[in-house]
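Look at the structure below before reading on. The paragraphs after it go from the whole chain to single residues.

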Amino acid sequence: MAYKGHKINPNKFEVGQIKILLAVLPLVILTGLPIVFIVFHAFKPMQELFAFPPKFITTHPTLDNFRNLFKASRSAGIPLSKYVFNSLLITLAVVFSSLIFSTAAAYSLSKLKYKGRNTMMQINQLALMFVPVAVMIPRYLVVNVLGMTNTYWAQILPLIPLPVALFLVKQFVDQVPDSLIEAAYMDGAKEIHIYLKVILPLIKPAIATAAILVFQQVWTNMEASNYYVNDDGLKTLAFYMNTLTSATTTNTVAGQGMSAAASLIMFIPNLALFCILQKNVMNTMAHSGIK
Amino acid sequence: MSKSSKIGRRERSNKSGYLFVLPYAVLFTIFILTPVLLAVVLSFTNFNAIQFPRLVGFLNYINLITADETFMQFVLPNTVKYALIVGVGGYVLAFLLAWALANLPKVPRTVFALILYSPSMTTGIAMTVLWKIIFTGDQTGYLNSWLMDIGVINEPVIWLVNTNYLLPIVILIGLWSSMGVGFLAILAGILNTDESLYEAAAIDGVKNRFQEMLYVTIPSMKPQMLFAAVMQIVGAFQNGQIASLLAGNPTPGYAAQLIVNHIEDYGFIRYEMGYAAAVSVVLLLIVQIFSTISKRLFGED
C-alpha cells in the first residue's frame, strides 16, 4: 500500500508510536532525573545525607533541612521573612507593570498607526537577541547614574522591559480582527476602552505566557541584588538562597541538604505557574514566528 | 463626521499610539538600548569605574586579539565549542524532540514536554547546588560513587577542578537546560501545521516520516524555526554563567571560561570596564552572527 502520510497530533495510541516512545523516553528520564534527585535530597535526614555509599532514594523523609534553613537565616541577622517579603514585592511589581506596559505597547504597535511604529517594532525584534549578562556593566552604570543603587527600584525597573514578552503578546494581538476594534470605535469607545474591554480579554493566553516568562526572569534573578544593592535588608530570596549554596556551605553535608531545600523552594513556584498556565503557552507559541 | 472618515482618520494617524507605547519604550531605552550603546562607547575607552573614562581608540580590541592570551587560548575556543554544541546542537535536539512529541497522543506529549521544559526554569542559581552535589569530588559524590560501583573508574574524580571535565560538564548542563521557549515554539509550530499538506505531500511522492519532516514540516513553520533559533542561542549564552557559579571565576585553568565569565572577570573582579565592554561587544556580535545565519536559513526571502 502506498504511503498515506501520517497524522501529527494523533488521538490515540498506535503501534507505530512505540519506536518514537522508545527513542524519546530515555532522554525524558535522563532530563527528569536531576530534578527528582533534588526533591529526594531536600527531604533526606542527616544520617541519609551522610550515608556511604550515597543513596539516591530517600527512605525516611524529613523536614529537617527546611527547618535548618530557617534557623540559619535567624542567626544571619536578617530573618528569612524579610527576604521572602522583598522577593514577593519585587516579583509582583515587575510582573504586574511588565504585563501592563507590554500589552499596552503591543496594542499600540499592532493596531494603531503612527509614525515610527515600524521602526520601534524592528528594534524590539532585534532586541530578542539581547543577552542581559553581556551588558551587565553598562547596566550597572545606568542604575548608578540614576541614583537607584541601594533601592527597590534598582531591582524592579531594569527587569520590566522584556522584548520576548512584548513580541509574543504583539503577535497575539495581530490575530484580533480589526473589525472588532472598528465596531467598538464606532460605538464611541475610546482607545483606552478598546484596550481594556476588547483587546485584553481576547489575548489572555498571551498575557499568561508573558506572565510566566517575566516571572521566571525576576523570581530567580540574582544579578540585581548582587550588583545594584549593598544593603542586605533589600536583597531577594534568590540572592539569599545563592549565598547558602556558595562554596563554603555546600562543602558540608548538612549545608547540602539545606541548599537542596532552598533550590526546591525557588523551583516549585516556577513549576506550579507553568503547569497551571501551560495550555495558554502552547496557544501563544503557535503565533511566535518571526516573519 | 461621517463614519468612514472617522475610521479613516483613526487609521492614518493615531497620536494615542504613542501614549500606549511610551512606558515600555522609556524603560526599554533606559535599561536595554542605553546599556548596549554604552557598551559600544565604553569599549573604546580605558575605564576603571572611578576616574572618568579616557578614549583609547581601538586599543581594547587590539589587545583582545593580540595580547589577551587567555581569551585566544581558552575563552574563544571554549565559547565556540559551547555555542556549537549547546546552541546549534541543542536547537537540532529541540526540533527532533518536539517532532517526536508531536507524533504522540496528547497526554504523554504534555507530560514529556513539561519534563523536558522544566530544567530551563532552573537556570542561573536555582539548581547550581544540584550539580555541586552530583559532581562532588570524593567518593561520597553521587557520580563518583556510582561510577566506582559499576567499575568505570577506580578512584574518585575531582570533577569540578579537573580541567579535562569542566567544559564537558558545563556543556552537559547547558544542553540539559536548553529545552526552553524555543522548544515550545517549535512544538506548537509542528502541532499547527496544516494536516492537508501531509496528505498532498504523500500524493506527491513523499515516502516516509523523515521526508515529511524535511519537505513539509520545516518549510511550513519557518517563522517559528527562526524565533526558536534566536531564543536558543540567546539562552545558551545567558546560561554560560553556570561555569563561574560551579567552579568560581576564573574557572580552574580557564578550562570552562566562557565569554560571559570573561566579561565578569574583567568588569567586576579587575574593574577594567572598558576592556570588559569590548568583550561584551564581541559577544553581542557573535549572537548577531548566529541569528543572521538563522535568518538566511529560515527567513522569508
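What radius of gyration does chain A have, and what would a compact globule of 291 residues have? Chain A has 24 Å, whereas the globule would have a value near 19 Å. The radius of gyration is taken over C-alpha atoms, and the globule rule is 2.2 Å times the number of residues to the power 0.38. Along its principal axes, the C-alpha trace of chain A spans about 70 × 70 × 35 Å.

This is a predicted model, in which local features need a pLDDT of at least 70, side-chain atom pairs count only at pLDDT 80 or more, and totals for chains, interfaces and linings use all residues. Residues are numbered from 1 along each chain as its sequence is written, while chains are lettered from A and ligands numbered from 1 in the order in which they are written. The predictor gives the complex an ipTM of 0.90 and a pTM of 0.90. Its confidence in each residue is the pLDDT, from 0 to 100. Chain B averages a pLDDT of 88, and 94% of the residues score at least 70. Within chain B, confidence is lowest in helix α1 (residues 3-12), with a mean of 60, and highest in helix α2 (residues 16-42), at 95.

Chain A has 15 helices and zero strands. Helices (H or I, at least four residues) and strands (E, at least two) are DSSP runs, numbered from the N terminus. Of the 291 residues of chain A, 44% count as buried. A residue is buried if 20 or more other C-beta atoms lie within 10 Å of its own, exposed if 12 or fewer, and partly exposed in between, with C-beta atoms placed from the backbone. Two residues are in contact if their C-beta atoms, placed from the backbone, lie within 7 Å. Among the contacts in chain A with a separation of 6 or more, 75% join residues 24 or more positions apart.

Chain A is divided into domain 1 (24-62) and domain 2 (79-285); such bounds come from an automatic or database domain assignment. The C-alpha centres of domain 1 and domain 2 of chain A lie 32 Å apart. Eight residues of domain 1 of chain A are in contact with eight residues of domain 2 of chain A. On the side of domain 1 that touches domain 2, α1 (17-42) and α2 (46-49) of chain A each supply at least two residues. The largest share of that side, four residues, comes from α1(A). By type, the residues of this side of domain 1 are six nonpolar, one polar and one charged. Here Ala, Val, Leu, Ile, Met, Phe, Trp, Tyr, Cys and Pro count as nonpolar, Asp, Glu, Lys and Arg as charged, and the others, Gly among them, as polar.

The largest nonpolar core has 177 residues, of which A:V169 and B:L283 touch the most other members. A nonpolar core is a set of buried Ala, Val, Leu, Ile, Met, Phe, Trp, Tyr and Cys residues joined through C-beta atoms within 7 Å. Helix α4 (residues 69-102) of chain B gives the largest share of this core, 15 residues. Leaving aside its neighbours within four places in sequence, B:L283 is in contact with A:V131, A:A134, B:F237, B:I259, B:V260 and B:I263.

Two loops remain. In chain B, the loop between α13 (242-247) and α14 (259-269) holds B:P250, and the peptide bond from B:N249 to B:P250 is cis, with omega near 0°. B:Y254 lies in the loop between α13 and α14 of chain B as well. B:Y254 has a positive phi of about 55° although it is not a glycine. Is B:Y254 buried or exposed? B:Y254 is buried, because 21 other C-beta atoms lie within 10 Å.

In chain A, A:N150 lies in the loop between α6 (136-145) and α7 (153-156). A:N150 is not a glycine, yet has a positive phi of about 65°. A:N150 counts as partly exposed because it has 13 C-beta neighbours inside 10 Å.

Technical notes
pLDDT is the predictor's confidence in each residue, from 0 to 100.
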